[in-house]
Amino acid sequence: MSTFVPEKPAVVQPSNGDTLIVLPEQPIPQRISGGSEQIRVNIQLQGVQVILVNSGSNIARLDLSKAAVSLLLQGNTLKIAGRLEDISITDEISPQPSDNQFKQILCREGDHFADFGYETFDPNDAENFTGVNSVVTLRTAALRLNFLEKPLHEVYIFLLKLARLKGLYDAATQAAAQSVSEITRMRFDVLVKSPIIVFPKDSSKSSDALVLRLGEISARNQYDGPKGTIEASLQGIGLTSQANLGDRISILKMIDDVLITATVVQTENVDHTAQPDVPDTKIIVNVSDIKLGLTQHQYCDLYLLSQAFTRVLASPPEAETSPAVQSAAPPSANLPQKGALNSKTSEQNAPVAPVDLVPEIALSPRQSIYPTLDLELKITTIKLQLFDDKALSEENLRSSGIARFALQDNSVRFKMYSNGGGEAEVILKSFTVTNTMPGPSKFREIIPPAKHDRNQFMVLFTMTGGKESSSLAIVTIESPKLLFTLDPLFALGNFFSSAFVSAPSSTPDAATVTAMTTKSKAAPESPPVREDSTLAFRIDLNDVSVTLLESDTDINSQAVQLSIRQLMMSQQV
């Protein structure tokens with residue numbers, strides 16, 4: 001520890017000849033008038049190993065190695081900079097897998113794991129204070145997470161047992177929340193390299209897996225008067241499947257290079273009387289064109305993965321039956337005080353608030369309802385192509401197609417109001433389905449593109465606020481045309497039912513039974529609360545045409561056609 005700021009960046013000297021860890025160089029802050037003291041603290045961490053133990057057996061091992069932290073105190077300001085070189089979590093409960101990469105639950109990919117910084121500013125320093133109280137920066141490398149069902153389930157049970165100590169950290173949580181509320185404005189800049197999540201099909205037998213790349217995550221904010229803007233993005237989202245075909249590994253893309261950008265604008269102290277249409281928070285999300293490819297085997301793997309998620313989050317039998325540690329309840333303000341019931345002078349001597357005779361200047365009933373949240377989502381194109389069970393590699397995708405679905409000019413709009421009400425709007429400009437089965441078909445378009453400028457599919461949903469809320473949903477489908485033979489329908493039916501045919505028996509496993517049993521035991525024996533809410537809907541189909549062809553290989557094929565000019569179904573309460 002030293003009471004002065006060194007002229008060079010902090011260099012942590014190694015004790016055993018290892019590589020030096022040099023923290024990023026930081027500018028020396030200006031000395032505050034009045035001569036404030038400066039304190040710098042440098043900390044080096046060679047390594048930390050944490051082993052999770054449950055019922056006498058090791059579950060996982062957490063390794064942290066080579067960390068360095070530099071702390072600078074000057075007057076009323078604080079600056080922290082640090083670097084963590086490596087982090088890993090190793091499976092300690094499962095047998096040796098077929099591939100050594102599945103022995104690690106979490107590992108790092110890149111030069112070093114994370115660089116972080118935190119800095120606070122003094123509001124009394126008129127020269128350097130810009131209205132921002134603190135700044136947080138974070139840079140992390142890519143992390144690889146292997147979704148291993150058994151060790152992750154054991155870690156989840158371990159965390160559930162830690163959650164029983166809730167009463168021990170309630171006070172710390174409240175203190176942390178109070179300190180965060182005192183920071184009026186915080187600027188952050190976060191950049192996380194693409195996290196990778198690997199879902200192995202069976203880590204003990206094969207290396208087949210689904211690989212999800214979440215893309216590069218970035219988020220930063222800035223302030224402009226009463227407005228605060230947050231810009232975030234996910235770049236390079238991708239999902240692939242890896243299958244071992246004996247002599248080679250086949251990699252098929254399911255989702256390829258998706259970009260998501262979001263802009264959040266928060267406005268403080270909005271005058272809703274002068275600006276009744278300005279929301280407190282506005283969110284705009286733009287998504288690039290999404291191209292999806294899904295084979296029948298990938299579809300079955302996704303279904304089995306959804307069941308694995310349920311088993312990982314299943315609670316043990318003793319998690320609900322054993323008593324949890326409860327936090328000490330604070331003294332209630334509603335308890336009667338000593339002598340309060342037998343003393344009438346306490347109410348007579350109580351100070352009486354003066355009556356405000358000034359006329360009320362309130363908003364009108366219509367103006368008192370203003371938007372608090374405005375969300376807008378836009379996706380230009382969504383394409384999904386399905387393949388049958390013969391699609392195993394890139395070479396035979398073209399000969400294994402079933403159908404291709406396409407959505408054009410998609411948008412979602414949602415608004416939330418101050419009285420609890422809301423409204424949503426979903427618009428699909430065009431929806432098409434194309435037959436991609438091999439063969440000399442003359443009619444490839446099962447659902448052709450619309451020949452009008454109206455929206456082909458639209459949903460309007462409104463919800464009123466208050467205790468007696470009501471909802472109304474209106475679905476409008478304009479000019480749907482359906483032209484098909486029976487072969488594509490049978491192929492689609494076989495595709496979507498394949499996951500349930502290849503799935504295990506319908507008898508629930510022990511984890512599912514345990515989760516259902518503990519959930520029923522934990523349910524309180526109180527009568528259900530009945531909410532007075534009603535839902536009304538209306539479905540409008542205009543100019544419907546359904547054509548069933550005898551053969552799609554003959555341009556003059558016979559057909560049966562059903563035409564409906566208008567069809568409406570509604571339910572009103």
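What follows is a chat about this predicted model.

Biologist: Let's start with the big picture. How many helices and strands does the protein chain have?

Modeller: The chain runs to 573 residues, and 31% of them are buried. When you count up its secondary structure, you get seven helices and 24 strands.

Biologist: Let's look at some strands. Which residue in β11 is the bridge partner of Val192?

Modeller: Start with strand β8 (residues 186-192), which pairs with strand β7 (residues 134-146) in the parallel sense over seven bridges. There, Val135 stands opposite Arg187. β8 is also joined to strand β11 (residues 216-224), this time antiparallel, by four bridges. In β11, Val192 has as its bridge partner Ile217.

Biologist: What about strand β10: how many of its five residues are buried?

Modeller: Strand β10 (residues 209-213) pairs antiparallel with strand β9 (residues 196-200) over five bridges, and Val198 faces Val211 there. β10 also pairs antiparallel with strand β12 (residues 227-244), again over five bridges, with Ala209 opposite Gln242. β10 is mostly covered, and the number of buried residues is four.

Biologist: Now a single residue. Is Pro151 buried or exposed?

Modeller: Pro151 lies in helix α1 (residues 149-163). Leaving out residues up to four places away in sequence, Pro151 touches Ile59, Asp91, Ile93, Ser94 and Ile105. Its relative accessibility is 2%, and the cut-off is under 20%, so Pro151 counts as buried.

Biologist: How far apart in space are Pro151 and Thr90, C-alpha to C-alpha?

Modeller: Along the sequence, Pro151 and Thr90 are 61 residues apart. In space, from C-alpha to C-alpha, the distance is 9.4 Å.

Biologist: Let's move to charges. Which residue does Arg61 meet in a salt bridge at 2.4 Å?

Modeller: Side chains of opposite charge can pair when their charged atoms come close. The structure holds 18 salt bridges. Arg61 lies in strand β4 (residues 57-74) and its partner in the loop between β5 (77-91) and β6 (104-120), so the pair ties together parts 31 residues apart in sequence. At 2.4 Å, N to O, the partner of Arg61 is Glu92.

Biologist: Is Arg144 buried or exposed?

Modeller: The side chain of Arg144 meets that of Glu109 in a salt bridge (3.6 Å, N to O). This pair links distant parts of the chain, with Arg144 in strand β7 and Glu109 in strand β6, 35 residues apart. Glu109 is partly exposed at 34% relative accessibility. Arg144 has a relative accessible area of 16%, which is under 20%, so Arg144 is buried.

Biologist: How many residues apart in sequence are the parts that Lys193 and Glu216 tie together?

Modeller: Lys193 forms a salt bridge with Glu216, and their closest N and O atoms are 3.4 Å apart. Lys193 lies in the loop between β8 and β9, while Glu216 is in strand β11, so the parts tied together are separated in sequence by 23 residues.

Biologist: Last one, about the surface. Which helix gives the most to the nonpolar patch?

Modeller: The patch covers about 480 Å² and is made by Leu486, Leu489, Phe490, Leu548 and Val560. Val560 lies in strand β24 (residues 559-571), and with a relative accessible area of 59%, Val560 is exposed. The most, three residues, comes from helix α6 (residues 486-502).

Notes:
Residues numbered from 1 in each chain as written. Predicted model: local features only at pLDDT ≥ 70, side-chain atom pairs only at ≥ 80, totals over all residues. Heavy atoms only, no water. Pairing = 2+ DSSP bridges. Helix = DSSP H or I, 4+ residues; strand = E, 2+ residues; numbered from the N terminus. Patch = residues over 30% accessible without salt bridge, like charges linked within 9 Å, V, L, I, M, F, W, Y side chains within 5 Å. Areas by Shrake-Rupley, 256 points an atom, 1.4 Å probe, with all protein chains shown as cover. Salt bridge = Lys/Arg side-chain N within 4 Å of Asp/Glu carboxyl O. Buried < 20%, exposed > 50% of the residue type's maximum accessible area, 1.4 Å probe, protein only. Contact = heavy atoms within 4.5 Å.
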